[in-house]
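Subject: Structure handover and notes

Hello,

Here is the structure I promised to pass on. Please open it first, then read the notes below it.

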Amino acid sequence: MQEMKQTQNADQADEILVAEDICKYFKAGKKQTVKAVDHVNIRMKRGETLGLVGESGCGKTTCGRTLMRLYDPTSGKIYFEGRDISKLKGKELLSFKKDVQIIFQDPYASLDPRMTIGEIISEGMDVHLKNLSAKEKEARVMELLAKVGLNAEYANRFAHELSGGQRQRVGIARALAVEPKFIVCDEPISALDVSIQAQVVNLLMKLQREMGLTYLFISHDLSMVKHISDRVGVMYLGSMAELADSEDLYGKPMHPYTQALISAIPEADADTENTKDRIKLEGEVPSPLNPPSGCKFRTRCRFATERCAQEAPKLRELRPNHFVACHLYDDNGKLQGELKAE
Ligand code: SF4
């Protein structure tokens, strides 16, 4: 059994973040529990971008926030640069939080309307870089504005005076202000005009090259995730359905859910778009309060069998660095005869 061999395969010296079997559950009323993240394993190399995709409510945002300890994990371990940060508290937690930052989805809601842009960007420095003088902070704000493509004069403006794209550039500058190593980009472009999205993604990629940053890029936009990510994880109802190198995942998706998501990506070429085979996903995502037994995807899967209702599939490495949670395949990644599609 090659279950979760990514543990052995990854070059551990290069790893910046390792999440082992993490769960994040929320209480819903007196008796019910939402398993927003349910036994997820993630290993990330320094300098890479891992895309996390899935429909709304699949747990990708909760997963990102748990990895950076905005939420405490219900169980499981999170290691950052080899150190267990799952239960850090007080000063130690604060010191970890300097190394991990977040860029939020809605750049307007995440910027305080009463503060100038300069104050917003320097706020984190007041907490994490206390030894900097006022002059040094001011110089750093100017440097950060330039890095994200904004003029120095923006330091004295307010968020409402800026366009959506400019506000997201401020959000990026704010995240960079405390010299982080790891950034969770939580749907950073979904609130922006399509014409601006590529600019912001290209800026993120440029900054990553210049500063050696590691990104967890959360999005439901599969084509943008493909553009920016080295590897991609596909989540469904709190579990990882598939995780692979970006090219392999988009070129040869194995999990029926991934296959359906990828088949729905619009093609730039009109002829290809018109002739493309689409796999229609039947039904809605089930309620996380009452997920299906066995494989959580089985109520929408065209290959589902009796076994799928009884046994949750484990995430196994079925091709090199390609992990899939599905009973369709044997341990060598070959389709099992009795489970082939009709
Ligand atoms: Fe479909 Fe079964 Fe695979 Fe789940 S385990 S994706 S239901 S074939």
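How do α4 and α6 lie relative to each other: roughly parallel or roughly antiparallel? Before the answer, one caution: this is a predicted model.

**Helix α4 against helix α6**

Helix α4 covers residues 117-128, and helix α6 covers residues 164-176. Their axes come within 7 Å. They cross at roughly 30°. Angles under 35 degrees count as roughly parallel, and α4 and α6 are therefore roughly parallel to each other. The crossing of α4 past α6 is right-handed. From α4, the contact uses Ile117, Ile120 and Ile121. From α6, Val170, Ala173 and Arg174 take part. By class, this contact of α4 with α6 has five nonpolar residues, one charged residue and no polar ones.

**Helix α6 against helix α7**

Helix α6 also packs on helix α7, which covers residues 194-211. Here the angle is about 20°, and the axes are 10 Å apart. The helices α6 and α7 are therefore roughly parallel to each other. α6 passes α7 in a right-handed crossing. On the α6 side, the contact is made by Gly165, Gln168, Arg169, Ile172 and Leu176. On the α7 side, look for Ile196, Gln199, Val200, Leu203, Leu204, Leu207 and Met211. The residues of this contact between α6 and α7 divide into eight nonpolar, three polar and one charged.

Which residues lie closest to the centre of the largest pocket? First, its volume: the largest pocket comes to about 490 Å³. It is lined by 21 residues, and the closest to its centre are Ser239, Pro313, Lys314, Leu315 and Ala325. Two strands, β2 (32-45) and β10 (239-245), each supply at least two residues of that lining. β2 gives the most to the lining of the largest pocket, with four residues. By class, the lining of the largest pocket has 11 nonpolar, five polar and five charged residues.

The second largest pocket holds about 310 Å³ of space. Its lining has 17 residues. Nearest the centre of this second largest pocket are Lys97, Val100, Gln101, Ile102 and His128. Helices α4 and α6 turn up again here. Along with α3 (90-99) and β6 (100-103), α4 and α6 each supply at least two residues of the lining of the second largest pocket. The largest share, five residues, comes from α4. The lining of the second largest pocket divides into 11 nonpolar, three polar and three charged residues.

**The cavities**

How many cavities of 30 Å³ or more are there? The count comes to two. The largest cavity has a volume of about 100 Å³. It is lined by 15 residues, and those closest to its centre are Cys295, Cys301, Cys308, Cys326 and His327. Sorted by class, the lining of the largest cavity has 12 nonpolar, two polar and one charged residues.

The second largest cavity contains about 50 Å³ of space. Its lining is made up of Lys35, Leu237, Pro288, Pro291 and Lys296. Three residues of the lining of the second largest cavity are nonpolar, two are charged and none is polar.

**Lysine 276**

Where does lysine 276 lie? It is in the loop between α11 (270-275) and α12 (306-310). Leaving aside residues up to four places away in sequence, lysine 276 touches Ile262, Ser263, Ile265 and Glu267. I also checked lysine 276 against serine 195. The two are 81 residues apart along the chain. The C-alpha atoms of lysine 276 and serine 195 are separated by 25 Å.

**Where to start**

Begin with α6. It is in contact with α4 through residues including Val170, and with α7 through residues including Ile172. It also supplies at least two residues of the lining of the second largest pocket. Then go to the largest pocket and find Ser239 and Lys314, which are among the residues closest to its centre. Finish with the largest cavity, where Cys295 and His327 are among the residues closest to the centre.

Best wishes

Technical notes
Residues are numbered from 1 along each chain as its sequence is written. This is a predicted model: local features need pLDDT of at least 70, side-chain atom pairs count only at pLDDT 80 or more; totals for chains, interfaces and linings use all residues. Side-chain values use heavy atoms; hydrogens and water are left out. On a 1 Å grid over the protein atoms alone, a cavity is a set of points where a 1.4 Å probe fits but cannot get out, and a pocket is an open set with protein on both sides within 12 Å along at least five of seven lines; lining residues have an atom within 4 Å of a point. Grid points are joined across faces, edges and corners, and a volume is the space filled by probe spheres set on the points. Ala, Val, Leu, Ile, Met, Phe, Trp, Tyr, Cys and Pro count as nonpolar, Asp, Glu, Lys and Arg as charged, and the others, Gly among them, as polar. Axes are lines fitted to C-alpha atoms, for helices over the stretch in contact, and angles run from 0 to 180 degrees between N-to-C directions. Angles under 35 degrees count as roughly parallel, over 145 as roughly antiparallel, 65 to 115 as roughly perpendicular and the rest as oblique. A crossing is left-handed if the near helix is turned anticlockwise from the far one by less than a right angle, and right-handed if clockwise. Contact means heavy atoms within 4.5 Å.
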